[in-house]
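Today I'm opening a new model and keeping notes as I go.

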Amino acid sequence: MRRDEYDGDTGITAGAVSAGAAESAVSAGAAESAVSAGAAESAVSAGAAESTVSAGAAESTVSAGGSGTVVGAGNAEDAGNAGNAAAGDDGAGARWSRLDPRLLRFTMTRSLGPAVPVAVTLPFARDGLGLQAAVTLGVILVVFAVIAVAGLVRYATTRYRVTAERVELRSGLVFRRRRSIARDRVRSVDLTADPLQRFFGLATVVIGTGRTDDEKGLVLDGVSRAGARLLRVELLGRTAPADAVVAELRPAWIGYALLSSWSLLIGLAPFGVFFRVLDIVGIDPAEVGFLGDLWSRVTAADPVVVAAVAVGIVLSIGLAGALLLYVESWWDFRLTREPDRAFSVRRGLLTTRSMALEERRLYGVELAEPLPLRWGGGARLKAVATGLKEDESVVLLPPAPRAEAHRVAAAVLAVGPSAGPSVGPSAGPSVGPSAGPSVGPSAEASPTLAPLAAHPRAALRRRIVRALWPSAVVSAVLGGLAVWLSWVPGLLWLAGPALLPAALLLALDAYRNLGHGLHGPYLVTRYGTARRRTVALRRTAIIGWTVSRSPFQRRSGLVTLAATTAAGSGSYKVRDVSVAEGLAFAEESVPGLLTPFVH
């Protein structure tokens with residue numbers, strides 16, 4: 001890690017100056033320094049360390065203990081830094097470090113990004129450029145200049161240092177800002193590097209303190225990758241043993257990328273970006289030669305064939321994009337348990353990410369199963385933890401086999417057979433497909449596999465009603481259009497009844513997915529159909545209950561409970577449970593918390 005600047009003294013605490021035959025000596029403790037203009041030499045002593053700098057011979061000798069190093073005059077600053085290290089890296093003598101100089105080239109290169117879509121689109125415009133296009137290009141050039149200047153200012157004004165007690169960062173040109181956090185408050189040191197940063201050998205270091213506000217930690221954007229790794233070791237001092245791997249990516253899991261719910265949107269994204277850029281530069285798509293020819297051929301072809309080809313192209317692009325996105329995001333994924341009761345997640349092919357999560361901040365897990373992934377027998381797992389913003393999460397397992405997700409949940413929550421049997425309402429009948437056979441000894445103890453209590457039949461009726469009215473609305477709207485507009489097919493209103501069987505199946509699935517129970521120290525709740533969620537939340541992390549009832553729920557004798565917590569999304573719901581059973585479940589989960597408010 002490069003050290004280019006430092007503040008404070010250099011370990012010289014007393015000096016003696018001699019000119020010709022006159023000399024003066026000042027001694028403070030065991031440290032002294034003599035500077036002679038005739039012989040042009042200086043001796044610096046701090047404890048057992050001493051340094052001799054000779055201007056005539058242009059060399060410096062630093063001795064600590066009994067070892068010596070000869071440093072040329074050109075490295076005088078490094079010699080001073082070595083003196084600092086010998087004198088003790090405390091708050092007064094610690095060295096300030098710059099960001100890596102390669103940050104300047106990185107910033108200049110990254111500022112070219114906004115010009116890429118325009119550069120790709122302009123060749124198709126030919127003679128369609130006008131005043132709007134010229135203004136757009138001018139704005140891009142201004143943005144380029146602003147980003148370049150901002151990068152130069154950030155490099156010139158940013159300094160950071162690590163002392164025995166604190167981590168400090170100062171930055172800013174007009175408005176100077178200095179931030180400092182105590183080292184004993186450091187909870188995580190996360191490293192990220194996008195493809196361009198990796199090309200220049202840089203990384204971003206996020207030093208977290210476990211807080212969720214804007215002052216939660218420090219961000220060093222532009223540190224060398226080697227320096228970032230050394231900084232993480234210095235602050236955390238942790239290295240995971242070889243046998244601490246909880247889970248790592250297997251090639252067979254990549255196939256789950258094809259079951260992504262985002263495939264359709266990924267397939268449409270390139271077309272949306274292309275036409276959006278044309279609109280920004282003021283070009284009519286009809287003026288682009290090949291687009292006009294393509295549109296004339298499409299309008300002349302059979303609409304059914306055109307629709308089938310369009311869907312095929314979009315899905316092909318979407319599936320390919322989802323596959324590439326999975327590989328880029330999760331390549332080299334590894335979840336390890338580190339010796340100081342923390343988990344480390346490393347992943348990424350082009351953009352590498354390394355995140356740490358302390359066990360004491362982990363209050364549970366959420367097992368998510370989007371519908372296509374659930375049909376393929378897959379699931380993904382993320383942590384329910386404190387110290388994260390609403391848009392942040394620590395993914396403990398990418399889309400993988402459901403059995404593997406249950407196993408990792410058990411391993412992360414450190415639940416074993418000693419956790420004891422389920423208690424309370426969870427002793428009732430199991431519901432949902434995932435209440436099937438166990439998947440190995442470690443997964444048997446997973447709270448996400450706990451048998452859950454079924455919900456009342458009134459909950460099923462609510463979901464059936466919800467499935468009926470959309471079909472009725474679709475039929476009424478399409479039927480009205482057919483009567484009002486002569487060119488709308490009269491049988492189009494049958495689309496509503498045609499969708500009803502699928503809606504009823506989804507309603508039944510949503511009911512079967514409902515469940516709640518207790519598994520040792522964890523509260524478990526499950527709900528959802530398009531995206532089924534199974535949440536295991538530590539009962540000691542529940543700080544309150546929210547009881548809500550809509551008019552329809554009051555008529556059916558149902559209630560929705562929300563367990564409030566400082567972790568994860570903030571609350572996790574037990575949906576559509578009977579009033580008596582719900583209140584009893586809340587009381588058993590956290591005795592005495594809800595009782596004062598129930599009359």
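I started with the rule for a salt bridge: a side-chain nitrogen of Lys or Arg within 4 Å of a carboxyl oxygen of Asp or Glu. I noted that this is a predicted model, where local features need pLDDT of at least 70 and side-chain atom pairs count only at pLDDT 80 or more, while totals for chains, interfaces and linings use all residues. Residues are numbered from 1 along each chain as its sequence is written, and side-chain values use heavy atoms, with hydrogens and water left out.

**Salt bridges**

I got a count of 15 salt bridges by that rule. Arg-102 pairs with Asp-100, and their closest N and O atoms are 2.8 Å apart. I also looked up burial (buried is under 20% relative accessible area, exposed over 50%, partly exposed in between, with a 1.4 Å probe and protein chains only). Arg-102 is partly exposed at 29%, while Asp-100 is buried at 14%.

Next I checked Glu-168, which bridges to Arg-178 with the closest N and O atoms 3.3 Å apart. Glu-168 sits in strand S10 and Arg-178 in strand S11, ten residues apart. For the names, helices (H or I, at least four residues) and strands (E, at least two) are DSSP runs numbered from the N terminus. Glu-168 is buried, at 11% relative accessibility.

Then I found Asp-576 and Arg-462, whose side chains meet at 2.8 Å, N to O. This pair joins strand S28 to helix H13 across 114 residues. Both Asp-576 and Arg-462 are buried. I also noted one network of salt bridges with shared partners, made of Arg-161, Glu-168 and Arg-178.

Where else did I see a positive phi, near 65 degrees? Asp-332 has that one, and Asp-332 lies in the loop between helix H9 and strand S16. Asp-332 is partly exposed, at 38%.

**The largest pocket**

I looked up the term: on a 1 Å grid over the protein atoms alone, a pocket is an open set of points where a 1.4 Å probe fits, with protein on both sides within 12 Å along at least five of seven lines; lining residues have an atom within 4 Å of a point. The largest pocket has 44 lining residues, and Trp-330 and Arg-347 are among those nearest its centre. H9 gives the largest share of the lining, six residues.
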